[in-house]
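Thank you all for coming.

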Amino acid sequence: MANKCVSCNNCGHTGWSENRGNFLITIVLAIFFVVPAIIYEIWRRTGLGVCESCGSDLVVPSNSCATNKPSDVGDLIILGVLGVAGGIVVVAIYALAGSAINAYKNRNAPEPQLSQRDLEGNCLRSGMSYYHKQGEYPILKDGKTLALDQIQKDCKGSKDGKYKAP
Ligand SMILES: [Zn+2]
């Protein structure tokens, strides 16, 4: 963290250092890219910081600051807000990536395969409604064949689950 007691080799001032860089840049970065804003803000706070009087980074540590160290509360609030925003962005990116991956997977997923049993079941149902419509249910026109027997025979080994009348 900056806020160190430093003496400046540029202007000779001794005092509490300020964060290097510019908070405005953090704001602009945060509007567009939260993660670089956090990295930039962390970079601002590393090292000795810059002279509070002239802004030079030619500072060396000192222990002769006359005033009290400025409060870090503002800094902690900024880092907290950026941290929360960064967390939200990371979660959102994960969610987006997850749904993108799922969409991709689903695109490539094969159609669910119906078993032979399913196909024959579908065929049986469409066969029954076929003979209902024909008025040949439950006995066919010949007066002796059970419609269901005929359908079962015709549906054996059905390839598409559709009933084909003989
Ligand atoms: Zn200075």
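What you see is a predicted model, in which local features need pLDDT of at least 70 and side-chain atom pairs count only at pLDDT 80 or more, while totals for chains, interfaces and linings use all residues. Residues are numbered from 1 along each chain as its sequence is written, and side-chain values use heavy atoms, with hydrogens and water left out.

Let me start with the overall layout. The domain assignment, which is an automatic or database one, gives domain 1 as residues 5-108 and domain 2 as residues 116-155. Taken over C-alpha atoms, the centres of these two domains are separated by 76 Å. When I name helices and strands, I mean DSSP runs, numbered from the N terminus, with helices being H or I runs of at least four residues and strands being E runs of at least two.

Now to the metal. Which residues coordinate the zinc ion? They are Cys 8, Cys 11, Cys 51 and Cys 54, each through its SG atom, at 2.2 to 2.4 Å; a donor here is an N, O or S atom within 2.8 Å of the metal (3.2 Å for Na, K and Ca), and since water is not among the atoms, sites may look incomplete. The four donor atoms subtend angles of 104 to 111° around the zinc ion, and the arrangement is therefore tetrahedral, a term that requires all angles of four donors to lie between 85 and 135 degrees. Along the sequence, the donor residues follow the spacing C-x2-C-x39-C-x2-C. Cys 11 sits in the loop between strand E1 (5-8) and E2, and Cys 54 in the loop between H2 and strand E3 (59-61), so this pair ties together parts that are 43 residues apart in sequence. Cys 11 is partly exposed, with a relative accessible area of 39%, and Cys 54 is also partly exposed, at 35%, where buried means under 20% relative accessible area, exposed over 50%, and partly exposed in between (1.4 Å probe, protein chains only).

From the metal I turn to charged side chains. Side chains of opposite charge can pair when their charged atoms come close. A salt bridge is counted when a side-chain nitrogen of Lys or Arg is within 4 Å of a carboxyl oxygen of Asp or Glu, and a search of the whole structure finds three of them. Glu 41, Arg 44 and Arg 45 are linked in a network. Glu 41 and Arg 44 have their closest N and O atoms 3.3 Å apart, and the two residues, three apart in helix H2 (residues 34-45), are separated by about one helical turn. Arg 45 and Glu 41 meet at 2.3 Å, N to O, and these two are four residues apart in helix H2, again about one helical turn. Glu 41 is buried, with a relative accessible area of 0%, and Arg 44 is buried too, at 7%.

How does the pair Asp 160 and Lys 164 look, and what distance separates its closest N and O atoms? That distance is 3.2 Å, with Asp 160 partly exposed at 36% and Lys 164 exposed at 52%.

Asn 19 lies in the loop between strand E2 (14-16) and helix H1 (23-32), and counts as buried at 15% relative accessibility. Setting aside neighbours within four places in sequence, Asn 19 is in contact (heavy atoms within 4.5 Å) with residues including Arg 44, Arg 45 and Asp 75.

Finally, two places further along the chain. The peptide bond from Tyr 137 to Pro 138 is cis, with omega near 5°, whereas most peptide bonds are trans. Pro 138 is found in the loop between helix H4 (116-134) and helix H5 (147-155). Gly 161, in the segment after H5, is buried, with a relative accessible area of 7%. Not counting residues up to four places away in sequence, Gly 161 touches Leu 119, Asn 122, Cys 123 and Ser 126.

Notes. Four donors count as tetrahedral if all angles lie between 85 and 135 degrees; four count as square planar and six as octahedral if opposite donors are over 155 degrees apart and all others between 65 and 115; anything else is irregular.
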